[in-house]
Amino acid sequence: NKADTPHAILIRAVNPTVGLEVMTKRRHGKHPLAAGPGTVCQALGITMQHNGQSLQSSSLWIEPRKRIIYDSDILASERVSVA
């Protein structure tokens, strides 16, 4: 994308609590269900068709829950071998 314009989100892992049956089917019974970027995409059904879509679209979105997530619960770091 253009310099200084965010254009990607990398979710390293998720701890799913709902939809486990569907995720297990998508992962062909393999576990862990979502412990890396590739397995997260498989478990959540995210494909290249979602590339470039807004996270507020009708097929891809982030849904708020009642759980409060504090800044201290979120980890961010440089990617290995990428400054």
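A residue is called buried when its relative accessible area is under 20%, exposed when that area is over 50%, and partly exposed in between, using a 1.4 Å probe and protein chains only. By this rule Pro32 counts as exposed, because its relative accessibility is 51%. The structure is a predicted model, in which local features need pLDDT of at least 70, side-chain atom pairs count only at pLDDT 80 or more, and totals for chains, interfaces and linings use all residues. Residues are numbered from 1 along each chain as its sequence is written, and side-chain values use heavy atoms, with hydrogens and water left out.

The overall form of the chain comes next. The protein chain holds two helices and zero strands. Helices (H or I, at least four residues) and strands (E, at least two) are DSSP runs, numbered from the N terminus. Along the principal axes, the C-alpha atoms fill a box of roughly 40 × 30 × 30 Å. The chain has 83 residues, and 13% of them are buried. Its accessible surface comes to about 7,700 Å², as given by the Shrake-Rupley method with a 1.4 Å probe, where for residues only the protein chains shown count as cover. Carbon and sulfur atoms hold 56% of that surface.

Two residues are in contact when heavy atoms lie within 4.5 Å. Among contacts with a separation of 6 or more, 22% join residues 24 or more positions apart. The chain carries 10 positive and 6 negative side chains. Lys and Arg count as positive and Asp and Glu as negative, while His and the chain ends are not counted. Each charge is placed at NZ of Lys, CZ of Arg, CG of Asp or CD of Glu. The centres of the two sets lie 11 Å apart.

Helix α1 spans 20–26 and α2 spans 37–44. Glu21 lies in α1. This residue is exposed, because its relative accessible area is 72%. The C-alpha atoms of Glu21 and Ile62 are separated by 20 Å, and the two residues are 41 residues apart along the chain.

In α2, the buried residues are Thr39, Val40 and Ala43. Seen down the axis of α2, these buried residues fall within an arc of 105°, so they line one face of the helix. The arc is that of the directions from the helix axis to the C-beta atoms. The cover over the buried residues of α2 includes α1. Ala43 is in contact with Met23, Arg26, Arg27, Leu33 and Ala34, leaving aside neighbours within four places in sequence. The largest nonpolar core has five residues: Met23, Leu33, Ala34, Val40 and Ala43. A nonpolar core is a set of buried Ala, Val, Leu, Ile, Met, Phe, Trp, Tyr and Cys residues joined through side-chain atoms within 4.5 Å.

The loop between α1 and α2 contains His28. Phi of His28 is near 55°, a positive value in a residue other than glycine. His28 counts as exposed because its relative accessibility is 69%. Pro32 lies in this loop between α1 and α2. The peptide bond from His31 to Pro32 is cis, with omega near 0°. Pro32 and Thr17 are 15 residues apart in sequence, and their C-alpha atoms are 13 Å apart in space.

Beyond α2, the chain continues with Gly45, whose phi is positive, near 75°. His50 is found in the segment after α2. His50 counts as buried because its relative accessibility is 15%. Leaving aside neighbours within four places in sequence, His50 is in contact with Gly45, Ser59 and Leu60. Asn51 also has its place in the segment after α2. Asn51 is exposed, because its relative accessible area is 59%. The C-alpha atoms of Asn51 and Pro32 are separated by 24 Å, with the two residues 19 residues apart along the chain.
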